[in-house]
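Here's a quick briefing to read with the model open beside you.

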Amino acid sequence: MSGKHNSRRSWAGLALLSPGMLFLAATVFIPVTLLLLASLNSPAGFSYNAFSRLVHTPIYAQVLGHSVFLAAIAASVSVIAAFPVAVAITRASSGWQQLLWMGVLLTFWTSFLVKTIAWIVILGRSGLLNSTLISLGITNEPFELLYTSFSVIVGLVHVLLPLAVLTMLPVLQSMDKRLVPASATLGARPAVSFFVVYLPLCAPGVTAAWLSTFVSALGFFITPALLGSPRQTMIAQLIIQQVQEMMDWGLAAALSVVTLIVTLVIYWIYDRLVGLSSLAGEQMRSNNTNPSELGAWIRALKHGTYWKLGQWTNRLFALIPIRRNTGQDVRSGVRILSIIVLAVMILPVVLLIPESFTTSAFIDWPPRGFTLHWYQDLYNSPVWTGAFVRSLWVGTLAAVLASVIGIPAAFAFAQHRVPFRSLMLGLLLAPLILPRIIVALGLFYVLSRLGLVGSSIALAIGHAALALPYVVITVTATLKSYDRRLDAAASILGARTSTRLRMVTLPIIMPGVVSAFIFAFVTSFDDLTLSLFVSGGLFTTLPKQMWDDALLKVSPSLAAVSVLLFAGVLFLMAATYLVRNRLAKRRFA
């Protein structure tokens, strides 16, 4: 009986997964495969010419190396800054936890373009930072802060930090919080407890956060294009240039192949050291069974390093004449640090508010005068209003489609036995794991041959593929806390599967479903990578229109659009909070 039951659960899991797998095969796997094969095509037929050009042109290797360098630095800084925020969320009281969550989601849902434009206001020659330094007498001439590697890294960190927090949180929340107090009971000083006990337990989440932010940064083009100079060109910019300006699909595909190989090599190294299962929030796999000499040496070095860091930190703290060994002080310090980090993430966007009312035709600091002219121009412009309506329509359709396909897949992983579970999960998360530029370019490659470029429905389908992993992750996390005994009780009372789902399961998990829908909608509404290829002209989306304007001139009208988008995010968060609370009250009524 047990074997038959497990077999039924496996088949049920595969049935729930099949729509998502078929959908991703049509929108991601097949298009990306065709794109990669295009690197071997030429007008004369099969050819290695594109790769030969890559090898014999040093600039491509330089751009790839610089892209990896910038992505690695930005990912490292993002993870370091995100760690205290994630720790504060896991250890805060309910009220503080909600406040910190709101700060993380606010920065995560704020548009990439809005964040990037905000740093132009701050780092420009007549921006906030240079104006402040000159007014304080620190310098007589403005520093060249914009269009440098520094400005690109700052912009990338601003975009990646909330992703790092969301990636490491599942691992930190699943940790046994009694282990650190237990180590203190056994005589371990605070720093030793942190480095020897707490930090190794956090390692899967921290490394998963670094990997996800690194891969995301490697496929970015918005930030380096607006905040950097030609010296900061990244690989995604070269790929876009080959498609849009040179119409060279072969070279663009070859660059995509190289980028994908670099990504897969890094994933392979990560899997050997940590295990890809940690990307789903699971603990780091154990390699204690028959370890190799190299593996044993690496573990010994790691544990010895943790121990030495703990001892050195304790000695350093012993030289500081402050009160120590109080857990409340540590929690308060982490909370204050997390608030500072989130404030630094939110403040640049807030600075766009006064800029949107300036009477000047250019963005500078401080803003001059007060006018509603830029908002009136947006309201009266059919281009801007049309782009907004189209983004709204495409985002809603993409969110509905991603939810319809992703929720059954989440049930499969949370409540059923899935054969080759890790492989299936990795395939379902492929749009999140692969550099987005490759996924978008592959889909554009297919749509251009089908004559569907400019179609809002085709764009919504592509956005649904990009949003699907967020739906699966969010609903799966919600289902993990769902009490399956409620289903058993409903079955005993005679409820059928459809009745249980409609009357018991969905009402209870509805807050998670709402959150998943919002994640999917924001992913679509904020996307520029796919919209850059598929939309345009009369079919442009709001991010694409903002991008086109930003390439010409960063004007106060862009600040006005950014402020409206930021206000929209605040409204969306407030609405989500009220809906979740109302659903929770109805559930416990």
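Where does Tyr-147 lie? You'll find Tyr-147 in the loop between helix H6 (128-135) and H7. Bear in mind throughout that this is a predicted model. The protein chain has 26 helices and 2 strands, and 50% of its 589 residues are buried.

**The loop residue**

- Tyr-147 isn't a glycine, yet its phi is positive, at about 60°.
- For background, most residues other than glycine have a negative phi.
- Tyr-147 has 46% relative accessibility, so it counts as partly exposed.

- Take the contacts in the protein chain between residues at least 6 apart in sequence: 77% of them join residues at least 24 apart.
- The protein chain has an accessible surface of about 28400 Å², and carbon and sulfur atoms account for 68% of that surface.

**Aromatic pairs and a ring cluster**

- The structure has 14 aromatic pairs.
- One of them is Trp-109 with Phe-519, an edge-to-face pair at 5.5 Å centre to centre, with 80° between the planes.
- That pair ties together distant parts of the chain, with Trp-109 in helix H4 (residues 94-109) and Phe-519 in helix H23 (residues 497-526), 410 residues apart.
- Trp-109 and Phe-519 are both buried.
- Phe-519 also pairs with Tyr-470: the ring centres are 6.3 Å apart and the planes sit at 5°, so this pair is stacked.
- Here too distant parts of the chain are linked, since Tyr-470 belongs to helix H21 (residues 456-480) and Phe-519 to helix H23, 49 residues apart.
- Tyr-470 counts as buried because its relative accessibility is 14%, and Phe-519 counts as buried because its value is 11%.
- Put together, ring pairs join Phe-108, Trp-109, Tyr-470 and Phe-519 into a cluster.

**A charge over a ring**

- Arg-449 lies over the face of Trp-249, 5.6 Å from the ring centre.

**Cavities**

- Searching the whole structure turns up 3 cavities of 30 Å³ or more.
- The largest cavity has a volume of about 480 Å³.
- It is lined by 24 residues, and the closest to its centre are Phe-112, Ser-216, Phe-220, Arg-436 and Tyr-470.

**A mostly covered helix**

- Helix H11 (residues 235-244) is mostly covered, with 8 of its 10 residues buried.
- The buried residues of H11 are Ile-235, Ala-236, Gln-237, Leu-238, Ile-239, Ile-240, Gln-242 and Val-243.

**A buried glutamine**

- Gln-545 sits in helix H25 (residues 542-552).
- Is Gln-545 buried or exposed? With 12% relative accessibility, Gln-545 counts as buried.
- If you leave aside its neighbours within four places in sequence, Gln-545 is in contact with Val-383, Trp-384, Ala-387 and Thr-540.

Methods
Residues are numbered from 1 along each chain as its sequence is written. This is a predicted model: local features need pLDDT of at least 70, side-chain atom pairs count only at pLDDT 80 or more; totals for chains, interfaces and linings use all residues. Side-chain values use heavy atoms; hydrogens and water are left out. Rings of Phe, Tyr and Trp (its six-membered ring) pair if their centres lie within 6.5 Å; planes under 30 degrees apart count as stacked, over 60 as edge-to-face and the rest as tilted. Helices (H or I, at least four residues) and strands (E, at least two) are DSSP runs, numbered from the N terminus. Buried means under 20% relative accessible area, exposed over 50%, partly exposed in between (1.4 Å probe, protein chains only). A charge sits over a ring if NZ of Lys or CZ of Arg is within 6 Å of the ring centre and within 35 degrees of the ring normal. Contact means heavy atoms within 4.5 Å. Accessible areas come from the Shrake-Rupley method with a 1.4 Å probe; for residues, only the protein chains shown count as cover. On a 1 Å grid over the protein atoms alone, a cavity is a set of points where a 1.4 Å probe fits but cannot get out, and a pocket is an open set with protein on both sides within 12 Å along at least five of seven lines; lining residues have an atom within 4 Å of a point. Grid points are joined across faces, edges and corners, and a volume is the space filled by probe spheres set on the points.
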